[in-house]
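Let's take a walk through a protein together, one part at a time.

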Amino acid sequence: MGRTRKRATKGATMAAVARRAGVSAMTVSNVINNKVSVQPGTREAVLKAIAELDYRPNAAARALASASTLRIGLLHRDQDSALLSAMLVGSLKAASRIGVQLIIQPYNPDTALEDILEFAESGLDGLLLPPPLCEQFSDSGLSARINIPVVAMAPGTSLPDIACVRIDDEAAAFALTSSLIVHGHRRIAFVLLPGTHVGKARLEGYRRALREAGIPEDPDLIWQARPTFSEGLVLAERKLGTAEKPVAQGPFTAIMAGNDDMAAAFVNVALRLGKRIPEDLSITGFDDTPIAIKIWPTLTTVRQPLAEIAEQATELLIAMLRNPSAQGPSAQGAVPRFVDYKLVERASVADVAPE
């Protein structure tokens with residue numbers, strides 16, 4: 001009760017969005033309010049600027065939207081910028097095209113479940129939940145307390161009580177591990193995302209690939225860290241060392257990071273220690289976010305189409321609102337909707353000689 005709730009900081013303005021997109025503030029307002037007069041190219045430019053600037057148009061939209069407009073909410077964490085940017089673009093694209101209002105709000109990890117319940121009771125018609133928040137909410141058993149439809153975006157497994165749109169994380173991790181094995185790697189370190197369905201599913205994919213290749217699993221090569229650049233740096237320095245205290249070459253030739261930000265952190269530390277990537281160490285990411293091609297060497301990764309997932313999740317949520325029987329949870333549970341992933345091979349993986 002005595003905890004201080006997280007307050008959103010003052011963010012970008014409509015004028016800033018207009019400048020970034022090269023349009024007028026009126027055009028930005030027209031996009032927010034789903035005016036059909038906006039050209040598709042202009043609409044895309046405005047949606048991109050909204051995502052890049054983390055603009056939260058809920059106040060303006062509430063003032064201008066009609067009382068009959070459906071209002072759907074999207075919760076996010078401020079620091080998940082790559083995740084938020086992609087999902088915001090997809091959700092805004094669907095909401096704008098269909099003609100509903102999207103309300104965007106941050107949540108505090110320390111009060112996440114309370115934040116969901118409070119947000120759901122704020123007058124929303126439906127709710128979108130990103131990972132790992134959707135997994136945490138489903139595991140809590142609190143879904144029965146929400147009387148509006150909820151759709152999960154990109155959980156690691158299907159959720160019994162929440163409709164979801166996702167990739168097959170287990171199959172994706174299997175494909176990525178198998179590709180490293182094809183390149184000759186036998187000592188592959190895996191970074192587990194702790195406390196998530198995503199982490200468990202990808203770990204099973206990694207283990208299955210090792211089993212099918214006849215490679216014994218080494219528990220010392222399974223590490224844990226949250227999927228952020230800063231946490232990746234801490235883990236990388238622990239496993240690779242620092243300039244002052246370098247670590248001797250570990251019993252691994254490849255590292256499967258939890259996401260692209262974490263992979264970039266491993267590349268950063270390895271290069272500072274004078275290691276050659278990928279000749280001395282192969283590193284892979286996950287998600288195929290913009291950083292995957294902005295660093296050198298460019299990352300081999302799994303493309304998880306987050307914007308497409310968010311767009312389809314928004315469409316599904318709106319369909320459930322307009323037709324309550326449309327793919328929502330039933331007596332048999334919620335039926336997931338899958339989108340395709342893609343293994344993207346770039347410059348951060350090299351062949352290794354047989355042992």
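What volume does the second largest pocket have? The second largest pocket has a volume of about 540 Å³. Here a pocket is an open set of points on a 1 Å grid over the protein atoms alone, with protein on both sides within 12 Å along at least five of seven lines. The volume is the space filled by probe spheres set on the points, which are joined across faces, edges and corners.

Before going on, a word about the model. This is a predicted model, in which local features need pLDDT of at least 70 and side-chain atom pairs count only at pLDDT 80 or more, while totals for chains, interfaces and linings use all residues. Residues are numbered from 1 along each chain as its sequence is written, and side-chain values use heavy atoms, with hydrogens and water left out.

Back to the pocket. Its lining consists of 21 residues, and those nearest its centre are Ala82, Ser85, Ala86, Thr289 and Pro290. A residue belongs to a lining if it has an atom within 4 Å of a point. Helix α5 (81–98) gives the largest share of this lining, 5 residues. At least two residues each come from α3 (40–53), α5, α12 (291–294) and α13 (306–322).

Now step back to the whole protein. It has 13 helices and 12 strands; these are DSSP runs numbered from the N terminus, with helices (H or I) of at least four residues and strands (E) of at least two. Of the 355 residues, 53% are buried, meaning under 20% relative accessible area with a 1.4 Å probe, counting protein chains only. Among contacts between residues at least 6 apart in sequence, 74% join residues at least 24 apart; a contact means heavy atoms within 4.5 Å.

Next, find the open sheet. Its 6 strands pair in parallel, in the order β2-β1-β3-β4-β5-β11. Two strands count as paired if DSSP finds at least two bridges between them. Strands of a sheet pair through backbone hydrogen bonds, either parallel or antiparallel. The edges are β2 (101–106) and β11 (337–338), each pairing on one side only.

Helix α6 (residues 112–120) touches β1 (71–76), β2 and β3 (126–129), and its direction makes about 165 degrees with that of β1. Helix α7 (residues 133–140) touches β1, β3 and β4, and makes about 115 degrees with the direction of β3. Such angles run from 0 to 180 degrees between the N-to-C directions of lines fitted to C-alpha atoms, for helices over the stretch in contact. In α6, the buried residues are Ala112, Asp115, Ile116, Leu117, Phe119 and Ala120, and what covers them includes β1, β2, β3 and α7.

Another strand to visit is β6 (residues 188–192). Why is β6 described as largely enclosed by the rest of the structure? Because 5 of its 5 residues are buried. In a regular strand the side chains alternate between the two faces of the sheet. In β6, Ile188, Phe190 and Leu192 point one way, and Ala189 and Val191 the other way. Strand β6 pairs in the parallel sense with β8 (residues 254–256) over 3 bridges, and 3 bridges also join β6 to the parallel strand β7 (residues 222–224). Ala189 stands opposite Ile255 in β8, whereas Val191 has Trp223 in β7 as its bridge partner.

Ile255 is buried, with a relative accessible area of 0%. Among the residues it touches are Ala189, Val191, Trp223 and Phe266. Its C-alpha atom is 8.9 Å from that of Leu221, 34 residues away along the chain.

The structure holds 4 cavities of 30 Å³ or more; a cavity is a set of grid points where a 1.4 Å probe fits but cannot get out. Phe190, Val191, Arg202, Ala257 and Gly258 lie nearest its centre, out of 13 lining residues. Arg202 sits in helix α9 and counts as buried at 7% relative accessibility. Its contacts include Phe190 and Gly258.

Methods:
Buried < 20%, exposed > 50% of the residue type's maximum accessible area, 1.4 Å probe, protein only. Lists of a residue's contacts leave out its neighbours within four places in sequence.
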